[in-house]
Amino acid sequence: DTGSFLWHWHSEIEFTLITKGRMIYQVNDQCFLMKEGEVLFGNSSTLHSGHMADETDCEYISITFAPRLLYGYEGSLIQEKYGSGSSSQRIGSHSF
């Protein structure tokens, strides 16, 4: 166990919830320090990796799903606006 996951990408959208501890999550050229209760919503085809913050393990739940579940049909306004695969969005602290 290395305390990290290496750079990779996939065509699915990824939703990651930090359930315990902290993680440094890198997406393309951006770094996010993710804390317990925070969520990262990663677009499809974004290059991403993660590793321990402060040499301490964390726990997280990661769910991947097909982008079509969000945009519905090919060529929809949602797909045109958000389907480029160029960014991810960090969602602040929320209680889950």
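Predicted model: local features only at pLDDT ≥ 70, side-chain atom pairs only at ≥ 80, totals over all residues.
Residues are numbered from 1 along each chain as its sequence is written, and side-chain values use heavy atoms, with hydrogens and water left out.

First, the overall layout. The protein chain has two helices and eight strands. Both kinds of element are DSSP runs, numbered from the N terminus: helices are H or I with at least four residues, strands are E with at least two. From the N terminus on, the order is β-β-β-β-β-β-β-α-α-β. The chain has 96 residues, and 33% of them are buried. Buried means under 20% relative accessible area, exposed means over 50%, and partly exposed is in between, with a 1.4 Å probe and protein chains only.

Now the sheet. Four strands form an open sheet, in the order β1-β6-β3-β4, with antiparallel pairing. Two strands pair if DSSP finds at least two bridges between them. The edges are β1, residues 4-8, and β4, residues 30-35; each of these pairs on one side only. Neighbouring strands are turned by 20 degrees against each other on average, direction ignored. For that angle, axes are lines fitted to C-alpha atoms, for helices over the stretch in contact, and angles run from 0 to 180 degrees between N-to-C directions.

Take the pairings one at a time. β3, residues 22-27, pairs with β4 over six bridges, antiparallel. Within that pairing, glutamine 26 stands opposite cysteine 31 of β4. Valine 27 has glutamine 30 in β4 as its bridge partner. The hairpin of β3 and β4 has two residues between the strands, and asparagine 28 there takes a positive phi near 50 degrees.

On to β6, residues 48-52. Five bridges join β6 to β3, and the two run antiparallel. β1 and β6 pair over three bridges, also in the antiparallel sense. Which residue in β6 is the bridge partner of phenylalanine 5? That partner is glycine 50. Tyrosine 25 has glycine 50 as its bridge partner too.

Next, the core. In soluble globular proteins, nonpolar side chains tend to be buried together. Here the largest nonpolar core has nine residues: Phe5, Ile18, Met23, Tyr25, Val27, Phe32, Met34, Leu40 and Cys58. Such a core is a set of buried Ala, Val, Leu, Ile, Met, Phe, Trp, Tyr and Cys residues joined through side-chain atoms within 4.5 Å. β3 and β4 each supply at least two residues of this core. β3 gives the most, with three.

Now the surface. Trp7, Trp9 and Leu47 form a nonpolar patch there, with about 350 Å² of accessible area together. Patches are made of residues with over 30% relative accessible area and no salt bridge; like charges are joined within 9 Å, nonpolar side chains (Val, Leu, Ile, Met, Phe, Trp, Tyr) within 5 Å. The areas come from the Shrake-Rupley method with a 1.4 Å probe, and for residues only the protein chains shown count as cover. Tryptophan 9 sits in the loop between β1 and β2, the latter being residues 13-20. Tryptophan 9 is exposed, at 54% relative accessible area.

How many salt bridges does a search of the whole structure find? One. A salt bridge here is a side-chain nitrogen of Lys or Arg within 4 Å of a carboxyl oxygen of Asp or Glu. Aspartate 54 forms it with arginine 22, and the closest N and O atoms are 2.6 Å apart. Aspartate 54 lies in the loop between β6 and β7 (59-65) and arginine 22 in strand β3, so the pair ties together parts that are 32 residues apart in sequence. Arginine 22 is partly exposed at 32% relative accessible area, while aspartate 54 is exposed at 57%.

Most residues other than glycine have a negative phi. Aspartate 54 has a positive phi of about 60 degrees, although it is not a glycine. Glutamate 55 has a positive phi of about 60 degrees as well, and it is not a glycine either. Glutamate 55 is in the loop between β6 and β7, and is exposed at 73% relative accessibility. Last item: glutamate 55 and glycine 3 are 52 residues apart in sequence, but 8.2 Å apart in space, C-alpha to C-alpha.
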